[in-house]
Every structure is written in structure tokens, then in C-alpha cells.
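Subject: Structure handover

Hello,

Here is the structure we discussed, for your files. My notes on the sheets follow below it.

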Amino acid sequence: MFWDWDFAISITPTLLQGLKITILATVLGAIVAAVLGLVFAILRRSTNRLISRTTGFVVEFIRGTPLLVQLYFIFYILPDFGLRLPPLTAGVIGMGLHYATYFSEVYRGGIESVARGQWEAARAGNLNPRQTWVHVILPQAIPPMIPAMANYLLAMFKETPLLTAITVMEMMSQARSVANTSYRYVEPMTLVGVFFLIISIFSVFGLRWLERKFGGRAR
Amino acid sequence: MIRVQDLRKSFGTLTVIDGLNFEVKKGEKLALIGPSGSGKTTILRILMTLETISGGRIEVAGEPLYHMQKNGAEVPANEAHLHKMRRHIGMVFQHFNLFPHKTVLQNITLAPMLTKGESRANADKRAGELLEMVGLSDKAGHMPSQLSGGQKQRVAIARALALNPEIMLFDEVTSALDPELVEEVLIVMKRLASETDMTMLLVTHEMSFASDFADRVLFFDKGKIVESGPPEQIFKNPQEERTRTFLRKIIAAGQHV
Amino acid sequence: MIRVQDLRKSFGTLTVIDGLNFEVKKGEKLALIGPSGSGKTTILRILMTLETISGGRIEVAGEPLYHMQKNGAEVPANEAHLHKMRRHIGMVFQHFNLFPHKTVLQNITLAPMLTKGESRANADKRAGELLEMVGLSDKAGHMPSQLSGGQKQRVAIARALALNPEIMLFDEVTSALDPELVEEVLIVMKRLASETDMTMLLVTHEMSFASDFADRVLFFDKGKIVESGPPEQIFKNPQEERTRTFLRKIIAAGQHV
Amino acid sequence: MGDWAGYLTLILQGAWVTVKLTVMGCALALVVALIAGLGRVSHVAVLRWISTCYIEFFRGTSIFVQLFWIYFVLPMTGLWSPTPMQAGVMALGLNVGAYGAEVVRGAILAVPKDQYEACTAVNLTRYQKMRHIILPQALPLMLPTFGNNAIELLKATAVVSLISLSDMTFQAQIVRSQTGNTIFPFVTILILYFIMSLLISTGMRYLERRATRGLDGVR
Amino acid sequence: DKLEDLREQGFARIAIANEPPFTSVASDGKVSGAGPDVAREVFKRLGIDDVEASISEYGAMIPSLQAGRVDAVTAGLFMKPERCAAVAYSQPILCDAEALLVPAGNPKGFESYADIAADDSATMGAPGGGTEEKLALDAGVPRDRVIVVPDAQSGLKMLQDGRIDVYSLPVLSLNDLLAKSGDSNLEVFAPVKDAPVYCDGAAFNQRDTDLRDAFDVELAKLKESGEFAAIIEPYGFSAEAAISTDRDTLCAQE
Ligand SMILES: Nc1ncnc2c1ncn2[C@@H]1O[C@H](COP(=O)(O)OP(=O)(O)OP(=O)(O)O)[C@@H](O)[C@H]1O
Ligand SMILES: Nc1ncnc2c1ncn2[C@@H]1O[C@H](COP(=O)(O)OP(=O)(O)OP(=O)(O)O)[C@@H](O)[C@H]1O
Ligand SMILES: [Mg+2]
Ligand SMILES: [Mg+2]
């Protein structure tokens, strides 16, 4: 017997419960990533070599090592140094930190995509740096970033199963828990795959729309 | 109005301008001509403070541009000094550089409102007059992307004029335009030259226009002034061999002067 | 050599060419002039099979270009037919479109070796002759990025000639060049026009060059031929009001014809 | 607590598995990315369709689910029963290959239209055009993103520990439970991952320099 | 015939858990522990010279068996009715009772899973898909107070960090864990009241009952000769417990 519909239907509410946590973790993580990413981007542009280099190293390190290991680190090792975070918080911070390194690149790309002539025209119009950023650069830099950011949001969504390792009951954990108690694996895992796929497919349509609207470049 | 003394400018190891001296009187219309890469754009960009200088001194309206007084000594200018000096100068770029996310009207009013604290009503009124002058009264609400090249360039001219600079710099304002659209911009420029007493520096490859427009022509080569004088002299009776060769080539390529 | 009948071309809802008819005889040199957006480029691109057509019929060297015989009926051409027909035609682009990752020599020899199976030795020899003709014998090993615009365009001409097409198409081959570099390209083109009996179609905004180069001039507007005739007639004594307005504007913008 | 040198050897054995997974996964990803990327821009509708489905499917679902299907569900269908190493390489290669395919497509489309037209003007066939003109120019555009993708793949190898493949993260877990020490194994593998990702990015930069040699000033 | 295939091949693939003392991995990578040692011995007697052990997480063991990725699981996978329905067990091998790891002095006085259920603020850690999780849920501990912990070391750490109040595993597992940690602030409470004693067996694919039966024959001989006790007792397991019960009893025990 390969597939049991009744069983599949009976576990769906449990999985949807997990899906809620998955989405919560994704959205909160993305907010952290967006804010921290901007901080990284600004620090990396700093004229102080020490600050920009150090930030560069930290960013490279975080980006070069697996999120799974970072999550273990945050959840199981940081308490030794007096920082005990609840699972979801640890997960949000871990994912946010990891993806902030990607977001910082997006910010950089967005800012660099503004034509040099725009900086010069602002200067010729005698705007000061703050006015240049607010009225000329950012309004042009942000729209092309949106598709790339949405892309990373989707990537974060798909990485939430890692949170299992730090006891967050997201969708994949729920599925494994169901599987482990029922000894049926095909239904929960396939359902999880289907949920991921459905959300991704809708997101892809959303992304295409964003790309059309803001005409940016994807990953 | 402008005095350039021993100006030097290098990009890395490449020296683009090497010991340049010239003066421009108030209200004078100057055309800068010369082969590609001779440093014409660079000079305008330096006057607009879009570059830094490597040596020498520039005075604009009686004050040093890249230097300032501090405790009696002359030190490199800081951003505040540059900001003050830029009020004297406006520039129109080859590729217009309009703000693509603002309407035509906003492009013109943005800087006056932000840098001079003008009220929206005043800024709008002045922008209306300028659009009238460049013949684009009906385009105030359009986005730049809805305009043709010639129209964009006329908006760019209006934008630069909106700040009422005493000196205007024009860098090949027609060379990115389709030939048929060139005329409408040149008409505006000629009118501007004859109607105002602004000081104007114009870089161009259109010899006949340079000749119509300018009181004086500077012929550049390799970051130096080879020859300077009224248009009749430079175009009809050039003294230097280098100038003659340049003009011969230009004429062979189909332009008349 | 070329016969265009009732040609129509639309981009979406925009009809760019609408019922165009003309013929070009073997060896004829034709200049296509007209305002921006009139469809000049589009015609050349259609002849080079870079576009599809929306209606009408074109014959090149006696065979239909966009149609072919199949079981006695005329059907739209397939890629194989287009590939065969393209052997008659070469094109030089406004922006040269050299292959940036190949040397000058490779740019010229690539197509003969790949499409005609020429040996490297033969292809190199012919490339040498062509480079000689365009005055660039010493640049064979250079990369395109090391050349000036004028040199690039001369290489592009040599590349197109290497395939020995019977028809050559030139689309504003000098308009992306610095004025000083225009001449060297025009010299090559004039020589080409006088020395070979290739059929040539030239789109240009340089009226004096069109007048020197062409046996016949077609003046286009809005995808239609407004007037056609020998250069003396078109430039000195145009029959149509539209032609006169166009020429007036061009002359006002600084060109002579 | 014991014999650190011995446990370090265990981790290094895991590191070797990680290296093998990364190298083979990248090789597979590269091949798949080229095929699917070319399929995406093919003029044959069916090929475009198949490539799109593959890409959207593997980008749309999470690598955990893919790994699970390949390792547990595929054998149940009786078609093929991959070893853990094969399953890991397949999941990683197909997953990252789907992202790579979009990079290939993007790079091919980023070659200016002019170049395609010049090919038609000198009458090259479709194959000759791709082989001699488009791909050689697209390659330098792909390399930086491929470098990032390779690092993504390296990090993703950590998830194969979920199918009991003794990679570096898995070995760290074993050392952790055998010794009761958490910091030692995790710090060790963090450093090892970082070294590996540095090697990848350095290697890619070298390749990039080679591929763009002579192309300077073109773009 | 599966047995013949394995003999020819010269080794059997077994899944083991990363859970001392059921299994242990030496610093040279060699696998030992009570489960693998018994399996190795029995397979040897069946003419299969060697076993190839792969460490799995609990959740992956039964799928591995069903997908034919391993020939047997000898990992402290206790017999329970659902599992007996999913796999073919041998006769019992390792028996252990459930235990609780709690702060020293057992401040909350937990002695059974029902005690945990009764304390609204108590959270309990257990491995995902393990017996303990099921027992706790059956005793009325709500789902959100049973934290699924990825591995024993993480469970210990969470207890030390105060993230959970109690961590439950079989007695010997907890003893080993506590000994390795050397943490005097914790203690093991064993056995858990009202919790049955469980025994594992070697688990086979249900298609391979022949192999299972052959395994049982050799296992019985091993038990009789006393060699069985010699293998498992050094790890702390009781041979008597395994010999005095059988598969059918255990599979019926809820
Ligand atoms: N930012 C820069 N970095 C390096 N070199 C530069 C830079 N800007 C200009 N140059 C070089 O300085 C020289 C002069 O350039 P400039 O643009 O002033 O010439 P130009 O006379 O305006 O030429 P054109 O007629 O082509 O516009 C050229 O050789 C150019 O390559
Ligand atoms: N790919 C396209 N999609 C939509 N419209 C197009 C496309 N190519 C050309 N057009 C339109 O077709 C018309 C004719 O264009 P074409 O380039 O042939 O003009 P042209 O005579 O060569 O002008 P120019 O002198 O500016 O080169 C223009 O209105 C142009 O906007
Ligand atoms: Mg310039
Ligand atoms: Mg054109």
C-alpha cells in the first residue's frame, strides 16, 4: 500500500499547524535579515578600513558556513556564555543573521545600479548628501532590489526545516513527528513537499509580477 | 568670472590636463573644441566639482573653487565650501541625466525647493516660465521616459537654469540626439546665448554651431590649449598645424563650418 | 537583384512598413535616407532576415527570401532556406557588433571557416587581403577592445566582405563614431563602392556622403518611399514637400549636402 | 573525554565525505545547469517546457523533501535504489543545478542581442552561434554566480546528515555524543567549512580572471 | 534467498543509532556497543563474516529498512505493536526500562509520565519518534510540552540550560550520558513508574522473515551457551531480562 488518503487527510491539520510556524519564522527572519543586511551594507561602505574589513570578514564567514551549524551554535553553545534564547527566537536570529549577508549584497547591487549620472546630476543641482540619498538615489535603488529580496524570502522559507535541529516545531518537524509515531513516511513527507510547492509556485507568480513591476534582476 | 591657473588633473598615472591656464569673462560665451580624449569634458566636470584636481588653482566669481581660507592659510576646500561655490554654476550633461522617477516639473523644481528653500508655488511658477522658454509647457506632468531625446535635453537645460547660476556648462548637449532632434535643442541654446548675460562654456563637435554660438573658441589637444580666438579666426584662418588637421578631418566627414 | 513587393511589417499594433515596393538592380548603390523612425533600419534588418515579415514578398537573386516551394505551393521559409539565402547578403551594423572574445583575424575568418568550410590557410590569406584593403594589416592579432571605433568598423566591414556576399547592407556605419574617426571609414566605403560591383544598400544620416556614394537615393517617411531618384535630384531639387522640410532641418543642424 | 586526535580524524573523515559530495554535486549541477539552461532558451517548445518544469520543481521544493524522495521513496518504486552518497549527490546536484540553469539562461540572454544578429549576418547555424559566440561570452558572466552556487552547495551538504551520510556535520554530531563535548566539534567544522568556501571563492576568482582575459574593457 | 545473498556478499548492512551504550563509536571510528556486537556474532554464525554498520537517526531507521537500504536494524528500537506491524522482529536482545534525567534531588518529584502531565508548567524532552515521546503523550502530556530533541547530547544540554525540566530515555542511555557529562547537578530517576520494560530485537524487512527466522535460531543458541550474557552484560544490560520474555509478549504489550 503506497498512499492512504484517509491518513493523509487526518494529518493535514497538524501539518498546517507547523506551516504557521514556518511562515512566522520566515517572515520574522526576513525582517531581521533586511535590517541587519542594511547595517552590513553600510558598515562595508565605511571609509574606516578596520570597520569595513572586519564587517567583510564576518559577512564572508557567516555566508561561507552552513546555517545548520550556526543554528546549533546559537542554540546549544551560546547558553554557555549566558545567552539562552527560546527556540523560535534563536531560529529567527540565526536565519536573519545568515540571510543578512545575502541581503547586504542586494543593497549594494541596488545602490550601484543607480547610474553614475544621477549622482552627478544631484551634485550639479547642489543637493546635499542626505537630499541626494532621499530624493534621488534610494527611490531608484529600492525598486530593483525588491525581486531579489523576494527571492531570498522564498529561499528562507525553504530552509526552515533546519529549525527542527533546535526543537522548533515547524512543518517539517511536525511531519517527521507524525512519521515517527505512525511509521508512515510517504504521506507526511509528500504533503510537506506539496505545501512547499504550492507556496513556491504562488510565490513565483508573485515574483514574476514584482519583476515586471520593478524590472529588476533575479538572483 | 572664471580663472584657471596651472590646472593639473591625472587619473592614476594618466595625466589628462597638464598646466592649463585660461580666463573667462563675465557674460562670455566660450566654445571648447578638440579631438576625442583631449580633456574637454574633464574641464567642465572639474568646474562642476564632479572631480578633484591634482594641482593648480581655480577661481570662480572671485573666490577660489577648490581652496578656502582657514586661519589665514589656504587649505583644500571642504564640502561646505564646495556646496556654497556650486551655487554659481550649472551644468547640462550629454546624456541629460534627468531623474527618471520624477515628472518633468519635479525635475525642475526639486533643486530650487531643496537647496534654496523656495516655496512650491514659486518653484512651480518659475518652472512654468522655463518650460515655456524651452517650448515644453505641455509636458510638465510627463515622465522623462515619455519624452524624445531632444525634449529630454530641453528639460535638462530648464532644470539647470532653474537654479539661476551665473555660469552654465554644456557638455556635448546634442551628441546623443538623433540628427533631426538636434535642431530644436540648438534653437533653445542660441536663444539662451543671445538673451541672457550668463557666462557659458560649451563643449561641442558641431563646428557650425560653435561658430554661431561662441564669442571665443578654445581648441584643445592633449589637455592643453593649442589655439584660441574668435570663431572666424579659428575656423577660417587657424594658425596652428594641429588645428588645421583637425578641421580638415571634420570637414571631410561631412560637416561644414 | 532585390525585388520588394507589397512589404508589410508591424511590431504588435505598430505598423512600421506598409505596402512597400522597390527594386534594386545588380551592382546598384542605393542610399536610404529619412527621418528617425521611418523604417530604414527595419528594411535592412528584414533583408538580413533578422526580423520576420508581416506580409508581402521579397525576392533576392531571383529566389523568394521569406518563402519557399514545397510540394508545388509557396510556404513560409524554414531555417534551412533562410540559411541558404543568407549567403547572398552581408551586413555591417551601426555598433560594429564584433565578437569581443575573438581577435581581429578570428573575427574575419570564423564565418568562412564555419559556413563555407574554408581551410584556415585560405581564410587567413583572404583575411589578410581584406585587412590590407581596410588599412589594418598591423592589427590582425589585436582584440576588438584594443581598437578605436573607426578601426572596429573597418574590421566589421572586412568581416562582412569575407563571405563574398553579392549584396551588402550598411546601417549608419559611422553614426556611433567620433567625428574625427568618421573619415577613415568613409574612405574605405567609397573605395569599396567604386571598386566592386556588389549591390549595396546604405542607410545614413550623412547627406554629403549619401550623395557621393549612391547611384540612387530613396527618401523614406513613415515606412513608405516618399521620393526616389539620383542624388542630384533628391538633394538639389526635391519634388516633395516632406523631402524639402527634412533637408532643411538637417542643414539647419549643421550638415551640408 | 578522551582522544582528541582520534576524534579529529573522525571529523576529517567526514570532511572528506563533504568534499566528495561537494565536488561531485557541483559536477552534476554544472552539467544539469547547462542542459536545462540551454533548454530554457531553446526554440523547441517541448524542451523549454521540460526545462521549466524541472527548474520550477527543484527550486520550488525544499532540498530536504527532494533528498527524502530520492533516498526513501524512489527505492520503493523499485526503479533505482541509490546509495546514500548517490542520493546526496543527486539531490544536491539537481537542486543547485536548477538554480544554475537560471544563471546559464540569464547569462545567455545577457549577451547583447547585437551578437546574435552578427551571427545571423555571417550566416552561422544555431549550433555554431552557441558554441563559438554566445557561450564563450556567457561563461564569464556565469562564473561569479556559479561560485556562489558552489558555496551554497557546500553548505547544503550539511543536510545529508539527515539521511545518515557521514559527512562533516554528522561526524561532529557523533563526536559530540561520544564525548559529551559540544564546542570542540562544532568550532572545528565551522572552521573547516569556512576554509572550503574560501577555497571555492578563490578558485572561482582565478577562473574568472582566466575567462575574461583579453575581454577587458568590453563590458 | 536473502540469507544466501548475504553469505555470498560476505557482509550484512545494519542500521545503528548514535546512542551509547546501545552503540558506541570509538575515536578510531570502530563501531561497538551491545547491539552491533550481538548482531555481528549472530551473523558470523550464519556464515556472514562481517557487518557494515551505518549510523542513522531513529526516524530514518524503519524507512531505511523498508526501502531496502539496510538488512537489519539493531539499535535499541524497542518492540511495540505498531512497530511489530511495520517490521519483522527477531526474539528480544536488549531490554531496558525507561528513566528520567532530572536536576539533582528531583525538585519537582517526577516519578512517572503522569506526574509530568499533571504539572502544567513542566516540559519534557524526548527523542522524536522514540518510545518515551509516545508514552508521555499517552499519559496525557500535551503535545506542546513534549519537546522533540534531536539527540541525547542536545537533551542533556537543554536540561542543563533549564530549557526543559526533565529528559527521558532508557536507563542505560541516561546513565551513560550522565557519566560522560560528569555533571553532579543532575540525577537519573529509574525506572519510571507505570512504564513497561521494553526490549529491542533485530528488526528485518517483512519480506525477509526467512532471514529473521535463521537469525532467531542462532540467537537462541547464543543465549543458551551464555555467550550472549558475556557480550551484553559489560555494557550494563541484563541477559536474564531478554531470555525471560519473548517476541509475542512484547509485541502485544501496549
Ligand atoms: N574617470 C576616469 N578615469 C580614468 N580616465 C579618465 C576618466 N575620465 C576621463 N578619463 C580620460 O581622460 C581623458 C580625457 O577625457 P575627456 O572625457 O575629458 O575627453 P573629451 O575631450 O571630453 O573627449 P570626447 O570628445 O570623447 O568627449 C581621456 O583619455 C579619458 O580616457
Ligand atoms: N523590435 C521592435 N519592437 C517595436 N518597435 C520597433 C522595433 N524595432 C523598431 N521599432 C519601431 O519601428 C519604427 C521604425 O524603426 P527603424 O529603426 O526602422 O527606424 P529608422 O528609420 O532606422 O530610424 P533611425 O534613423 O532612428 O535609426 C520605429 O517607430 C521604431 O520605434
Ligand atoms: Mg567629452
Ligand atoms: Mg536606424
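In chain C of this predicted model, six strands form an open sheet with mixed pairing, in the order 8-9-10-3-11-12. Strands here are DSSP runs of E with at least two residues, helices are runs of H or I with at least four, and both are numbered from the N terminus; two strands pair if DSSP finds at least two bridges between them. Strand 8 (89-92) and strand 12 (224-229) of chain C are the edge strands, each pairing on one side only. On average, neighbouring strands of this sheet are turned by 20° against each other, direction ignored. (Axes are lines fitted to C-alpha atoms, for helices over the stretch in contact; angles run from 0 to 180 degrees between N-to-C directions.)

Strand 8 of chain C pairs in the parallel sense with strand 9 (residues 167-171) of chain C over four bridges. Gly90(C) has Met168(C) in strand 9 of chain C as its bridge partner. Helix 5 (residues 149-161) of chain C packs on the sheet and touches both strand 8 and strand 9 of chain C, where contact means heavy atoms within 4.5 Å. The direction of helix 5 of chain C makes about 175° with that of strand 8 of chain C.

Chain E has an open sheet of five strands, ordered 10-9-11-8-12, also with mixed pairing. Strand 10 (146-149) and strand 12 (186-189) of chain E each have a single partner strand, so one side of each is left without a neighbour in the sheet.

Residues are numbered from 1 along each chain as its sequence is written, and chains are lettered from A and ligands numbered from 1 in the order in which they are written. Local features need pLDDT of at least 70, side-chain atom pairs count only at pLDDT 80 or more, totals for chains, interfaces and linings use all residues, and side-chain values use heavy atoms, with hydrogens and water left out.

Regards
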